[in-house]
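The following exercises concern a predicted model. Each task is followed by a solution in steps.

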Amino acid sequence: DARLSGPLASRIKRALRLVVPEGTYTYTSALVALNIAFYLAMLMRAHGGPSLDAFSKGISLPVLIRFGGIVPEALAQGQIWRLVTPVFLHGGLLHVLFNCLWLVSLGPLIEHHYGRGRFIVLYVASGVAGFALSAAGHWGSPVVSVGSSGSIFGLMAAAVVAGYVRRIPGSDELRGGNLVKWIVLACVLSFLPRVDYFAHLGGGVAGALLTFFYAPRTQVRRLPDRLWLLLEVLTVGVVIAAFAFAWAAGPRL
């Protein structure tokens, strides 16, 4: 992140770092830890603890709903927070492992290139956009959707736009054979049964659009950087608030 000046910006940054400490690829590491932690918590709720049998069965629908999985009809009841919570939830062991693997592969590149604040805004906004399109596409059907795939597609779209479309200076690391292989594999997997391709599409479109408003962290000016710091704080706050609402809602839809 670029340096910030001014008493207000400094106070905001100190308060934020109490929640998200300084460090290398802080948000990528935190997101991987959150994905795994929520999966284990749901496993405890569904099966009483991790075991081979529990891992093979995955997470039941009532538990996914209880922790914040998105159900289209729930949005009509005012549970808008369900657009945020499913970004951090996964329904099975392979589901969480694959998404974390994609996150570890893509996250450090995007977080390093754009900085922590822009990265977390991109990640959460892409996930929310993906689930918004998913809810619209599945409206009227009893579908429960979870997963960070929409966010992952947002990161992939960001890498493509920055590296291949805009060709931003310093974006060489966003171009390469490995990235192309990951993107092709992710797109192929989108057409497998039970995969929410609406979430993938929504996340990818949101990630691409957001990246057109981004500049590399080395080209950030003071005023935009303060604005992105505010957006970073709001994003972290929205995630915390969404799970607070999920906790308060209990088992109801």
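**Exercise 1: A cavity and its lining**

The residues I70, P72, S134, A135, H138, V143 and S145 line the second largest cavity.

**Exercise 2: The ring pair of F98 and W102**

Classify the geometry of the F98 and W102 rings, locate both residues in the secondary structure, and state how accessible F98 and W102 are.

*Solution.* Step 1: a pair of aromatic rings is described by the distance of the centres and the angle of the planes. Step 2: the structure holds 5 aromatic pairs. In the pair of F98 and W102, the ring centres are 6.0 Å apart and the planes meet at 40°. Planes under 30 degrees apart would count as stacked and over 60 as edge-to-face, so an angle in the remaining range is tilted; the pair is therefore tilted. Step 3: both residues belong to helix α6 (residues 93-114), where they are 4 residues apart, about one turn of the helix. Step 4: F98 has 39% relative accessibility and therefore counts as partly exposed. W102, at 6% relative accessibility, counts as buried.

**Exercise 3: The ring pair of F119 and Y123**

Repeat the analysis for F119 and Y123: are these residues buried or exposed?

*Solution.* Step 1: F119 and Y123 have a centre-to-centre distance of 6.2 Å and an angle of 35° between the planes, and the aromatic pair is tilted. Step 2: the two residues are 4 residues apart in helix α7 (residues 116-137), so about one helical turn separates them. Step 3: F119 and Y123 are both buried.

**Exercise 4: Further aromatic and helical contacts**

Identify which residues ring pairs link into a cluster, which residue lies over the face of W247, and which residues T235 is in contact with beyond its sequence neighbours.

*Solution.* Step 1: the cluster linked by ring pairs consists of F38, F88 and F243. Step 2: R66 lies over the face of W247, 5.7 Å from the ring centre. Step 3: T235 is part of helix α11 (residues 222-249). With 11% relative accessibility, T235 counts as buried. Neighbours within four places in sequence aside, T235 is in contact with I120, V121 and V124.

Note on methods
Residues are numbered from 1 along each chain as its sequence is written. This is a predicted model: local features need pLDDT of at least 70, side-chain atom pairs count only at pLDDT 80 or more; totals for chains, interfaces and linings use all residues. Side-chain values use heavy atoms; hydrogens and water are left out. Rings of Phe, Tyr and Trp (its six-membered ring) pair if their centres lie within 6.5 Å; planes under 30 degrees apart count as stacked, over 60 as edge-to-face and the rest as tilted. Buried means under 20% relative accessible area, exposed over 50%, partly exposed in between (1.4 Å probe, protein chains only). A charge sits over a ring if NZ of Lys or CZ of Arg is within 6 Å of the ring centre and within 35 degrees of the ring normal. Contact means heavy atoms within 4.5 Å. On a 1 Å grid over the protein atoms alone, a cavity is a set of points where a 1.4 Å probe fits but cannot get out, and a pocket is an open set with protein on both sides within 12 Å along at least five of seven lines; lining residues have an atom within 4 Å of a point.
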